Structures are given as structure tokens and as C-alpha cells.
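Let me put the model up and then talk through how it packs.

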Amino acid sequence: MHIPSFIERKRDGHELAPVEITEFIAGYARGEIPDYQAAAWAMAVFFSGMTATETGALTRAMRDSGRVCRWPAGSPLKVDKHSTGGIGDKVSLILAPLLACTGVWVPMISGRGLGITGGTLDKLESIPGFRTALAEGEALAQLARIGVVMMGQTTDLCPADKKLYALRDVTATVPSIPLIVASIMSKKLAESLDRLVLDVKFGSGAFMKTRADAQALADAMCAVGAECGVETIAMLNPMDEPLGHTAGNALEVWESVETLQGRGPEDLVALTLDLAEKVSPTPRAQLAKWLADGTAWRKWTQLVEAQGGRAADTERILEIHRAPVIRQIRAERSGTLTRMDAELVGRACVALGAGRAKTSDAVDFAAGCADIAKTGRHVAAGETLLTIHARDEVTLAAALAFLHRAIEIA
Ligand code: URA
């Protein structure tokens, strides 16, 4: 296949044949097509879009770039959830162990930070020793033992998404419906699920800025799921302010532990239960009880220990990753907090080093924002609205430039 003509045709708005898409993705996953051509093609897709046939072909090609999980006959129901990405969205860390308490299997494949949004893998990797690359046999044995595994794309599990995801993160090609559909659904289809719930975000901190675009994304993902035999349910949820009170890798692990130990913030607990009940055979009241009484926390400890970490480290994660510079932003006057802009908080987190600018960048696990106040509340002059955790004064200044525009009091 002549790759420049393939890119050119998408650039000019033509429909690509499924067989060509399959060949391109397989070639990219094998390392035969360089990143610069894949980046140009992704930008062409960003501007020209894809038909439903092309999107379906891309999703299947990405799923089939690696192995598809095969589960033993008679194994429990396989369920999962995936978010289209938000700021402070640590739901997966809570929901995966919670769902596993119900007796289902949760074979969760996640990604790293993408654009301004955080990624489950980066959060998990802030836990010393936690391994997210698991061999098939190991993942299966863990599922049989504790019902949950949280892993990343590898060279044999969705390798095309592993590469394209990292490339999109740093080439401004994330907010494209077909690319998001294929990225999310290839991972979920590789898990061979029975049921999937999708948390489709809209608003300033989401890739889809409007509810209408989020609905189009949800419809496209549900269509691919149904076509491939997975019961797929989508929920549309706003992302105009960060979820919970933290954004940043170790800070979010800390807040997840708080939630698993029954001390979670209201919005985070409510969203976790909303999503969990969509795929769970267990009623919401029971799920809420397991979150409050330590049952989900005990499952989390099993999960962390099974994947090489120490549960006790997750309780002291803020001591392990302590930011040298901590600065508070305080309310300049009393009034109602009307805005805590998710996009600007996300940009501040990237400026602090919690996200990447190049694929080779390491993330700073300690960096981020904590004590993020919720909108709609009355705040008193001088009250803390957000605490910045920074590596140094330079990144602090870069973050402040975003954060001062993020907050409004009426
Ligand atoms: N999550 C993913 O896995 N991929 C995307 O493209 C967006 C969110």
C-alpha cells in the first residue's frame, strides 16, 4: 500500500476501504509505518471524520492488532466501564474493585493520560511496584482468584491503541469521534465483555464540548458494541468542573483510597454508583454499603497486592509522592463559587507535569491540584479554593496562569 496516497485520500475527505484501514493499522502496530505518517493520518481523520463503516473497520483492526481475551466456559459475567476522559476522574480505581465484590469478573484495560485528562494507568503506576503489563495467564489466574485485573495496552494486547493513543496525546488529535470510538472500543472488545457501561463526558474539561457531540460519540460507541455482541450502555455526564476534590496522579489515588474507605466526596460516590449499577447484578444499596463498610477497600488491597504493590503504600501515597512546593489559592471575597473550570484545571495539571507534552515524557506523580472547591457553594473571603502541588516555582507559575482564570465567585 502507498501510505502517502492513503493519507491524502483521507485528507481530501474520501472514504477508505476497510481492507486498507486494516492493513494500515496492522503495519503501524508492527512498526512498519512510522509515527510521522500515523500522526498525519490521525490529523486527516480529525478534520475529515470517518463513516460508520470506516469507524467499525478501524475499531476491529485495532482490536485485532493483538490478542482477544478468551475466557473459560462457565466463567462469571465479564463487565467493565470506560470513561471518555475528564479532570479528576478516578472512578475506575473505585469502581473496578467494587464491581468485583459482586462476583463478576472485571478485566479492565485502561490508558495513560490523554491531552488534559488524566489516565488510570498513570494513577496506578504512582503506586510503587504496581505492574500494569500482565501476561495472559497471569491476568486469567488473578481474575479467577480475586475477580479483577487492571492493566494497560501491551505489545500483545491492543498494541495499535498503545501506539496511537500515545501519539494522539501529543499531536492534538484526541478529540475526534472515530479515533475515540476505535481507541475505547478496541480495548473493551479485546476484553470479550458481556456488559459495558460508558461514561461519556461533555463540557469544558471533556473532549466533547457539547451534549449533542457527546450523544453522537455515545451512539457511535454503542453501535460498534452492539455490532460486536457486547451489551453497551452509555451515560452522558457533565465535566465542567473536576470530579471530587483532586486532579493529579498520586492525589487521585489518595482520594480513591478515601472513597474506598467510606469517606468519598458526594459527586464521586454518586457517579461511581450510577455507573456500577448499570452493569452490576447487585442492587445499588448493596454496592453503596460495600463502599461504606470496607468491603470494596479489602478488594482494592487484594488487587494492589496481586499486581506487585503494597496496599499500605496507597494509604501513605502522599508521603511517597510529596510535592516540594505547595500553594493555596484563596477566595478574594465572599460569595457563591460559580466556576471552577475543568479545562483550565486540567491545563494547570499538565503544566505542573501531571501530563505529557512529548511521548517520552515521564509524568510527575506528585503534581496536581487538591482541595478543589465545588461550585454552587458559599465561600468566605480567605477560604482555600484549591491547593497546588508543584515540583518547583516555574511550574507553579505556569499553573497559576491557568488557575487564576478558572475560578469565579459571584
Ligand atoms: N479513552 C481512551 O481510551 N481513548 C480515547 O481516545 C479517549 C478516552
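Predicted model: local features only at pLDDT ≥ 70, side-chain atom pairs only at ≥ 80, totals over all residues.

Strands here are DSSP runs of E, at least two residues, and helices are runs of H or I, at least four residues, both numbered from the N terminus; two strands pair if DSSP finds at least two bridges between them.

Residues count from 1 along each chain as its sequence is written, and side-chain values use heavy atoms, with hydrogens and water left out.

Back to β8: it pairs with β10 (residues 384-390) over three bridges, antiparallel. Ala 370 stands opposite Thr 387 in β10.

Now, the cores. By nonpolar core I mean buried Ala, Val, Leu, Ile, Met, Phe, Trp, Tyr and Cys residues joined through side-chain atoms within 4.5 Å, buried being under 20% relative accessible area with a 1.4 Å probe, protein chains only. The largest one has 74 residues, and Trp 300, Leu 385 and Ile 388 are among those with the most contacts inside it. Its largest share, eight residues, comes from helix α5 (residues 91-100).

What does Leu 385 touch, leaving aside neighbours within four places in sequence? Its contacts (heavy atoms within 4.5 Å) include Ile 329, Met 340, Ile 372 and Ile 407.

Apart from that core lies another, of 24 residues, with Phe 6 and Leu 179 among them.

Conventions: Buried < 20%, exposed > 50% of the residue type's maximum accessible area, 1.4 Å probe, protein only.
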